[in-house]
Amino acid sequence: MILAGDIGGTKTVLALLDSDDGVREPAVEKRFASKDFASLDEIVAAFLAETNARPTVATFGIAGRIAGRRVRTTNLPWHIDADALEHAFGIRRVALINDVQAIALAVPHLRDDELCVLHEGRREEKGCIGVVAPGTGLGESFLTWSGTAWQAWPTEGGHTSFAPVTLEQLELLQYLERRYGHVSFERVCSGSGVPNIYDYLVASGRYEEPDWLREQVRTAADITPVIVEAGLARTTPICIAALDLFVRVLGGVLGNMALRVMATGGLYLGGGIPPRIVERLRKRDVRDAICFKGRFREWLSVIPVSVILDPKAALHGAAWHALESD
């Protein structure tokens, strides 16, 4: 029996499976509100007590930087220790991996109906694969072929310095430098970055902010969906401009990833945002932004690009990791 988990600041999803077929149809799967618990140990204890299960292997995909066999979660006051989990629950082996690394591990197993192809390109069968995942933050990972299996690697690429390529993006950088000092790509190209883009556009004075929109922005618990949905509906120029700026920066991030790891096996967009804006990502300016890399423009033009539609890709990747390492 294998235990897999997707651990995030908002939710923790745990699943039990006992075969390859169980990855998509686990024996048991349950979602917990992360902030209702003081630790992952408490959630695992509640889950195992309820299911009366005794897993022998476990892999947890976690939003945070893994340090050896420990991690301090990014958006929760949790310290997770793999050795302690093994001891507490009698699990033979516990592995901790980054959440976007878990998404990457799911990529080789994705079915056609779990992908939306933005650009067919020319895929090299065992070429390196790049994964970029804009959600609340911006995560990056990549896959390499070892000769016998795919191996996923964690990175903190989302925190690399934002590099503007247009005058508008340069003005955005200057605006955000006054707010943050160092400006990473995550400050722009993520769910938490969309409000930064919107604030910059308001401050620029180039766009009117309608009263109804100002009120929604003021009262919404999360203004990112408000801005993105208005941009997709093309009802408000300032939201259209915010979404345009977001996807063009995202295109640049994808192009950077392709160059950094020579992603001839393709680029994959994970995270919560891309599936919601697929139609916007199909537009030519996104492809142009990916390829806007000078002498490598032609090379980038044949790199395949797809959006991951599986909302449980991180959980499934953690499950595949546990199965394949057992």
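Visitor: So, at what angle do α4 and α5 pack?
Guide: Keep in mind that this is a predicted model. Helix α4, residues 167–180, packs against α5 at an angle of about 105°, and their axes are 10 Å apart. That makes α4 roughly perpendicular to α5, because angles of 65 to 115 degrees count that way.

Visitor: Which residues meet there?
Guide: On the α4 side you have E168, E171, L172, Y175, L176, R179 and Y180. Their partners in α5 are N196, I197, D199, Y200, L201 and A203. Sorted by class, the contact of α4 with α5 has 8 nonpolar, 1 polar and 4 charged residues.

Visitor: Let's zoom in on N196. Is N196 buried or exposed?
Guide: N196 is buried, since its relative accessible area is 4% and the cut-off for buried is under 20%. It sits in helix α5, which spans residues 194–204.

Visitor: And which side chain does N196 make a polar contact with?
Guide: That would be Y180: the two side chains are joined by a polar contact of 3.0 Å. Leaving out residues up to four places away in sequence, N196 touches L172, Y175, L176, R179, Y180 and R187.

Visitor: OK, another helix pair. How do α3 and α12 pack?
Guide: Helix α3 (residues 99–106) and helix α12 (residues 313–325) pack at about 75°, with 7 Å between their axes. That makes α3 roughly perpendicular to α12.

Visitor: What's in the contact between α3 and α12?
Guide: From α3 come D99, A102, I103, L105 and A106, and they meet A313, A314, G317, A318 and H321 in α12. By class, that contact has 7 nonpolar, 2 polar and 1 charged residues.

Visitor: Switching to α2. Which of its residues are buried?
Guide: In α2, residues 82–89, the buried ones are A82, L85 and E86. They cover an arc of only 100° around the axis, which puts them on the same side of α2.

Visitor: Why would residues a few places apart point the same way?
Guide: An α-helix has 3.6 residues a turn, so residues three or four places apart point the same way.

Visitor: What do the buried residues of α2 pack against?
Guide: Their partners are α1 (40–51), β4 (57–62), β7 (79–81) and β8 (93–98).

Visitor: What's going on at the ends of α2?
Guide: At the N-terminal end, D81 caps α2, with a side-chain oxygen 2.8 Å from the backbone nitrogen of D83. Just after α2, G90 takes a positive phi of about 65°.

Visitor: Which residues have a positive phi although they're not glycine?
Guide: N52 is one of them, with a positive phi of about 55°. R234 is another, also with a phi of about 55°. For context, most residues other than glycine have a negative phi.

Visitor: Where do N52 and R234 lie?
Guide: N52 lies in the loop between α1 and β4, and at 70% relative accessibility it counts as exposed. R234 is in the loop between α7 (224–233) and α8 (237–261). With a relative accessibility of 48%, R234 counts as partly exposed.

Visitor: Back to helices. How many residues of α10 are buried?
Guide: Helix α10 (residues 284–291) is mostly covered, with 6 of its 8 residues buried. Those are D285, V286, R287, A289, I290 and C291. They pack against β9 (115–119), α8, α9 (278–281), α11 (297–300) and β14 (305–308).

Visitor: And where is W153 found?
Guide: W153 belongs to strand β12, residues 150–154. At 34% relative accessibility, W153 counts as partly exposed. Setting aside neighbours within four places in sequence, W153 is in contact with Q101, S141, F142 and T144. The C-alpha atoms of W153 and L143 are 6.3 Å apart, and these two residues are 10 residues apart along the chain.

Visitor: Last one: is P311 buried or exposed?
Guide: P311 counts as exposed, at 77% relative accessibility. You'll find P311 in the loop between β14 and α12. Its C-alpha atom is 8.2 Å from that of G271, which is 40 residues away along the chain.

Note on methods: Residues numbered from 1 in each chain as written. Predicted model: local features only at pLDDT ≥ 70, side-chain atom pairs only at ≥ 80, totals over all residues. Heavy atoms only, no water. Buried < 20%, exposed > 50% of the residue type's maximum accessible area, 1.4 Å probe, protein only. Helix = DSSP H or I, 4+ residues; strand = E, 2+ residues; numbered from the N terminus. Arc of directions from axis to C-beta. Contact = heavy atoms within 4.5 Å. Polar contact = N/O pair within 3.5 Å; in protein donor to acceptor, adjacent residues only side chain to side chain. Axes fitted to C-alpha atoms, helices over the stretch in contact; angles between N-to-C directions. Parallel < 35°, antiparallel > 145°, perpendicular 65-115°, else oblique. Nonpolar A, V, L, I, M, F, W, Y, C, P; charged D, E, K, R; others polar.
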